[in-house]
Structure formats: C-alpha cells, structure tokens
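Here are my notes on the model you sent over.

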Amino acid sequence: MKLYFELLWIFAKIGLFTIGGGYAMVPLIEREFVDNKRWISKEDFIDLLAVAQSVPGILAINMAIFVGYRLKGIKGAVATAFGTAFPSFAIILAIALFFTNFKDNEAVIKVFKGIRPAVVALIAAPCLQMAKSARLTWRNAIIPVIATVLIWLMAVSPIYVIIAGGVGGYLYGAVFRKKKGGSQC
Amino acid sequence: MLTLFLQLFYTFFKIGLFGFGGGYAMISMIQGEVVTKHAWLDSHEFTDIIAISQMTPGPIGINSATYVGYMSVLEHGGPVWMGVLGSAVATFAVVLPSFILMLTVSRLLMRYKTHPVVESVFMGLRPTVVGLIASAALVLMNADNFGSIDGDAFQFYASVVIFALAFVATYWFKVHPIMVIVAAGVVGFLIY
C-alpha cells in the first residue's frame with residue numbers, strides 16, 4: 001500500500017513540474033526511476049519511451065501508465081496515471097473557477113519566460129546519455145540523425161518515423177537471422 | 001445536461017484514442033472537436049486555453065479536457081459543482097484510451113519481450129527514439145520559448161544563457177530537473 005502512495009506522490013510531483021508537454025517529463029522520470037530509485041534500467045527506459053510514443057493518447061499519461069504497470073500491475077498504473085493527471089486537473093480547475101485572468105498576470109508571465117528555455121535544455125540534455133543506453137554505434141548512429149531531420153526539418157509526424165524504425169528493425173533482424181541460419185547449414 | 005455529459009465523454013475519449021504524437025499534435029484535433037464541431041468554446045477561448053496550458057504544468061490534453069469540461073457545463077446553465085463534474089468526466093475520458101491501450105501493449109510486451117521478432121523491432125526503435133527526443137528539443141527552440149533577436153533581444157540572449165546554464169547544471173552537475181525549473185522561474189521573475 002505504501003508503494004502505491006509513493007508512486008502516486010512521485011508522479012504527482014512529476015506532473016506538477018511537467019511544463020511544455022510530455023517530453024518535459026522524460027528527464028524527470030529518468031531521474032526518479034532510473035537514477036535515484038533504480039527501479040527501471042536504462043535500457044528498459046528507452047523501451048518505455050518507444051512504446052509510450054507508439055501508442056495513441058497523451059504521452060505523459062502513457063509513460064506514467066507504463067511505469068506503474070511495470071512496477072505494480074494495474075493498481076500501480078491507476079496510481080501513476082492519477083498522480084500525473086491530478087495536479088494539472090486541480091490547477092486548471094482553480095484557474096477556471098477563480099483566476100480567469102491568470103494568463104495576463106505579470107508575475108506569471110515573467111516566471112514562465114525564465115522556465116521555458118530551461119525546459120528545452122532539460123529535454124536536450126538526456127539525449128546524449130540516452131544515445132549510450134540505446135547502444136548507438138557508428139553503424140546505427142545514422143538512424144537518430146535521419147529521425148531528427150525528418151521530424152524537425154521536414155515536419156514528418158513522429159508516428160511515421162516510429163513505424164519506419166520498427167519495420168526497419170524487423171527487416172534487419174529477418175535478414176540477419178536468415179544469414180546466420182544459412183551459415184549453419 | 002445528460003446529453004452534454006455523454007457528448008463530453010465521447011468527444012474526449014475519441015481525442016484520447018486518436019491523439020497521436022502527444023501535446024501539440026493533439027491541438028488541431030481538440031480544436032476541430034471543441035471549437036468547430038461542438039462550439040463549446042469560441043476560437044478566442046481556445047487560444048486562451050492553449051496559452052494557459054503553456055503556462056501551467058501538465059499535458060495539454062488533460063488541461064483542455066478539464067477546462068472544456070467545466071466551461072461547457074457552465075455555458076449550458078449548469079451550476080459550479082456540475083461544471084467540476086464535467087471536468088472530471090472529460091479528463092477521465094481522455095485518459096481512458098491510454099489506459100486500455102497501454103495496459104494491453106505492456107502486457108504483450110512483457111510476455112513476448114524475448115521473442116526474436118520483438119527484439120529486432122526494438123533494435124530499430126531504440127535509436128529512433130533518441131532522434132525523436134532530439135527533435136522534440138529542437139522543435140521547441142522557437143520564438144515562443146526563446147523570444148527573437150528582432151522582437152526582444154534581451155529576452156533572446158537571456159533565454160540562451162538560461163538554456164546553457166540549465167543544460168550544464170543537469171548534464172554535468174546532475175542537478176535535479178525540478179530544482180532547475182524552480183531556479184529558472186525565479187531568474188525569470190527577477191530579470192524580466
């Protein structure tokens with residue numbers, strides 16, 4: 001029971017500081033679950049990102065559900081999903097109820113002018129670390145470069161890039177296995 | 001009012017089910033449903049909710065579900081407590097598809113993780129994901145987040161410095177991301 005509350009609390013904390021979309025959650029989850037608690041290995045974390053982005057729905061919620069389910073089954077997933085959704089639910093409701101002119105508040109604008117570039121740095125920094133966990137070598141380093149160019153410069157939807165990555169891996173594996181099988185004959 | 005609740009549930013379930021790519025990819029879909037089709041919000045209110053979403057924590061899917069759930073009930077003459085219920089219904093509906101799909105996929109993945117086909121698919125996915133995160137960071141390096149030299153040069157240079165410091169703090173000094181966000185917020189409050 002204690003662990004469910006711990007999961008809920010960690011994800012509420014993460015949800016509270018996820019500013020600027022689901023990707024901002026990536027460094028927070030990595031720090032808490034991979035570095036601090038060591039409940040998830042670096043490789044599993046990459047797989048988590050791959051799955052959460054391949055499934056439709058809100059990325060932040062998908063990641064939370066995956067972590068919760070992996071650690072504590074369905075009840076764990078309920079705890080992490082609730083934890084992630086609750087802070088933004090409560091804050092938006094409070095704004096709708098009491099602070100309809102929140103977005104014009106001068107202090108709020110100043111604070112967020114400072115936060116936004118920092119969030120971009122928080123998303124960029126783990127990329128280098130992740131390149132190691134994804135076992136990038138000189139041979140497959142071209143894959144993230146192509147993926148980046150497609151999404152960033154050519155505005156291709158990430159979902160097609162993910163599908164291409166998965167199909168590419170499947171084909172590579174199929175050819176590789178056939179070769180290996182052939183040499184045994 | 002019951003029809004409205006059912007419509008809210010159905011609409012946000014659909015948004016959760018077909019909203020690929022997370023965050024800003026969802027905006028056009030939410031707009032199509034909420035503004036064009038149901039007219040729960042006008043486009044000015046919709047721009048407001050995007051601005052609020054960018055200024056508050058949490059995924060934009062959740063933020064807009066909560067906001068639209070409340071506002072649409074009030075616009076139909078419902079009391080505040082019913083508006084809160086509308087928020088809860090819309091938010092629950094947008095999360096539900098994720099829940100069903102992610103649990104199914106996670107379960108299958110745990111069972112077939114060592115299957116050669118699954119292994120080779122993930123061999124292709126892992127390097128792709130690194131590219132995805134990199135492009136997320138690059139896409140966000142825009143005038144909305146950094147300001148522009150032409151518009152407000154001070155904000156632009158200050159943003160570049162904040163970006164560099166935040167990068168160094170989290171990458172080399174392993175400062176906790178939450179601390180970085182709080183510090184950047186304080187700096188923003190003081191310098192602007």
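1. A quick definition before anything else: the domain bounds used here come from an automatic or database domain assignment. Keep in mind too that this is a predicted model.

2. With that in hand, look at chain B. Its assignment gives domain 1, covering 2-108, and domain 2, covering 141-192. Taken over C-alpha atoms, the centres of domain 1 of chain B and domain 2 of chain B are separated by 30 Å.

3. Now chain A. The C-alpha trace of chain A spans about 75 × 45 × 25 Å along its principal axes.

4. How much of chain A is buried? Of its 185 residues, 54% count as buried. As for contacts within chain A, take those between residues at least 6 apart in sequence: 57% of them join residues at least 24 apart.

5. On to where the chains meet. Chain A puts 90 residues into the contact and chain B puts in 87. On the side of chain A that touches chain B, the elements giving two or more residues are helix 1 (2-16), helix 2 (25-36), helix 3 (42-54), helix 4 (59-97), helix 5, helix 6 (142-153) and helix 7 (158-184) of chain A. Helix 5 of chain A supplies the largest share of that side, 21 residues. By type, the side of chain A that touches chain B divides into 64 nonpolar, 18 polar and eight charged residues.

6. One helix pair across the contact is worth a look. Two packed helices are described by the angle between their axes and the distance between the axes. Here the axes of helix 5 (residues 106-133) of chain A and helix 8 (residues 153-171) of chain B come within 8 Å and cross at roughly 40°. Because of that angle, helix 5 of chain A is oblique to helix 8 of chain B. The crossing of helix 5 of chain A with helix 8 of chain B is right-handed.

7. Which residues meet in that pair? From helix 5 of chain A they include A:Lys113, A:Gly114, A:Pro117 and A:Val120, and from helix 8 of chain B they include B:Gln155, B:Ile162, B:Phe163 and B:Tyr171. The residues of this contact between helix 5 of chain A and helix 8 of chain B divide into twelve nonpolar, four polar and one charged.

Definitions and conventions: Residues numbered from 1 in each chain as written. Chains lettered and ligands numbered in written order. Predicted model: local features only at pLDDT ≥ 70, side-chain atom pairs only at ≥ 80, totals over all residues. Axes fitted to C-alpha atoms, helices over the stretch in contact; angles between N-to-C directions. Helix = DSSP H or I, 4+ residues; strand = E, 2+ residues; numbered from the N terminus. Parallel < 35°, antiparallel > 145°, perpendicular 65-115°, else oblique. Left-handed = near helix turned anticlockwise from the far one by under 90°. Contact = placed C-beta atoms within 7 Å. Nonpolar A, V, L, I, M, F, W, Y, C, P; charged D, E, K, R; others polar. Buried ≥ 20, exposed ≤ 12 C-beta atoms within 10 Å, placed from the backbone.
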